[in-house]
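Could you walk me through this structure in my viewer? I would like to know what to select at each stop and what I will find there.

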Amino acid sequence: MKQNICPGCGSKNNKDAKFCTNCGKDLNEKEVIDAVTTDVVSEKEKLEEEVVDVKVENNPNNSKKNNNNVFYIILASFITFILTFGLCYLLFTIFNKPVTNEIIKEQKNVTITDTGIADAVEKVYDSVVIIKTYSKNQLYSTATGFVFLKDNKTAYILTNAHVVNGGDKFTATFTNTKEEELKLIGSDTYQDIAVLSIDADKIISVATIGSSEELRIGDTTFAVGAPIDSDAYSWTVTRGILSGKNREVEVSTGNGLYQNNSFVMEVLQTDTPINSGNSGGPLCNANGEVIGITNMKLSSDTIEGIGFAIPIETAVSYATDFINGKNVVRPYIGISLYYVSPTLYGNVNVSGVYVNSVEKGSAAEKAGIKQGDIITEINGVEIKSVAYFKYLLYKYEVGETVPFTIVRNNKEKKINITLGSSNATS
């Protein structure tokens with residue numbers, strides 16, 4: 001049953017009562033309050049509905065705005081990534097290029113970088129000997145040589161001819177300090193090669209012969225010898241490179257114009273230090289193989305870094321002839337001569353060798369060469385000196401017919417000479 005509650009005292013009253021039975025309060029004031037309350041509630045509900053409507057209306061815009069913000073953030077991140085990547089790539093390219101070059105350079109350096117040539121030196125070391133030359137029981141000179149060949153009974157030592165010239169007794173000292181006497185088998189002054197022998201059981205080691213023809217310019221070379229003082233510096237090793245091949249070097253041993261003892265040698269050039277006492281020793285490649293015979297006589301004491309060696313092929317060829325008992329026979333045409341040129345003589349207008357005399361019955365006389373002729377060419381090659389004349393002449397064999405160009409009475413003429421032989425040198 002519904003009851004009216006007094007707004008004043010709160011007591012309960014009948015439904016139809018207009019005044020409170022307790023306090024007399026007019027119960028209709030509640031309706032006003034209820035109405036006001038209802039209106040307030042209604043207004044509140046309306047406001048809440050409007051707020052909801054506003055929220056509902058604003059949600060799509062907010063979502064769109066949020067979506068736009070996300071898009072811009074992603075776009076900015078992508079652009080930043082592209083720019084960062086491009087900058088990193090540019091920096092990598094700039095700074096990595098020298099590193100790449102350095103790596104390439106290092107790879108190239110491997111071909112010229114080594115830890116030494118000790119193994120190569122050891123290979124030839126014990127074959128090298130110190131040669132002493134005596135004259136009338138007096139020590140005449142010391143130099144170097146090396147054992148290059150051995151058979152069942154005999155071993156053979158190569159050295160320079162100028163090392164043994166003038167001597168009558170020769171000894172070899174080995175790396176074990178033992179000194180043994182040697183026998184001279186043969187020598188050739190022009191090629192500056194000599195061969196000595198010793199009993200095979202007295203040597204320590206035999207050198208391995210290599211090839212100078214296979215050697216390239218810039219290849220490593222080294223020499224073993226006794227420079228300056230054989231007692232103090234025996235078996236000294238010096239190192240360098242091959243500086244040149246087929247060098248034509250003139251060795252002058254004569255005086256004045258008549259340089260009949262001068263000659264030209266075709267040799268190897270090296271910057272390997274070659275000092276007095278090294279003559280006759282081995283010039284080796286990086287494998288410890290002998291590719292030449294060092295020759296101090298050819299080396300310059302005024303120019304640093306230039307040394308020479310006789311190619312091993314030439315040396316072995318002559319040495320083999322000596323061992324087999326063959327004598328060296330060279331072409332001979334029977335003239336005496338000296339070099340002339342417009343610079344030396346104002347009354348001549350050509351360069352060549354002047355024929356000072358002609359030996360009777362010689363190859364030159366038979367061919368028609370006369371005193372006063374000037375020989376300017378041999379087989380089309382210009383003559384540069386007396387030594388070079390012999391160098392060109394000795395390229396041919398005895399019995400060959402060779403064309404000579406001469407000037408006689410200021411007229412050029414060709415004469416063919418069939419080469420003879422003699423113990424003479426021109």
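The tour below visits a barrel, the nonpolar cores and a pocket.

Keep in mind along the way that this is a predicted model.

**The barrel.** Begin by selecting strands β3, β4, β5, β6, β7 and β8. These 6 strands form a closed barrel in the order β3-β4-β5-β8-β7-β6, with antiparallel pairing. On average, neighbouring strands of this sheet are turned by 40 degrees against each other, direction ignored.

Now zoom in on β7 (residues 179-188) and β8 (residues 193-199), an antiparallel pair joined over 5 bridges. Show Lys-183 here, and you will find Ser-197 of β8 standing opposite.

**The cores.** Next, select Leu-158, Ile-333, Ile-335, Ile-375, Phe-389 and Phe-404. In the largest nonpolar core, which has 59 residues, these touch the most other members. For a second, separate core, pick Val-129, Ile-157, Val-163 and Ala-172, which are among its 16 residues.

The largest share, 5 residues, belongs to α5. Finally, colour the lining by residue class, and you will see 12 nonpolar, 6 polar and 9 charged residues.

Notes. Residues numbered from 1 in each chain as written. Predicted model: local features only at pLDDT ≥ 70, side-chain atom pairs only at ≥ 80, totals over all residues. Heavy atoms only, no water. Core = buried A, V, L, I, M, F, W, Y, C linked by side-chain atoms within 4.5 Å. Buried < 20%, exposed > 50% of the residue type's maximum accessible area, 1.4 Å probe, protein only. Helix = DSSP H or I, 4+ residues; strand = E, 2+ residues; numbered from the N terminus. Nonpolar A, V, L, I, M, F, W, Y, C, P; charged D, E, K, R; others polar. Pairing = 2+ DSSP bridges. Axes fitted to C-alpha atoms, helices over the stretch in contact; angles between N-to-C directions.
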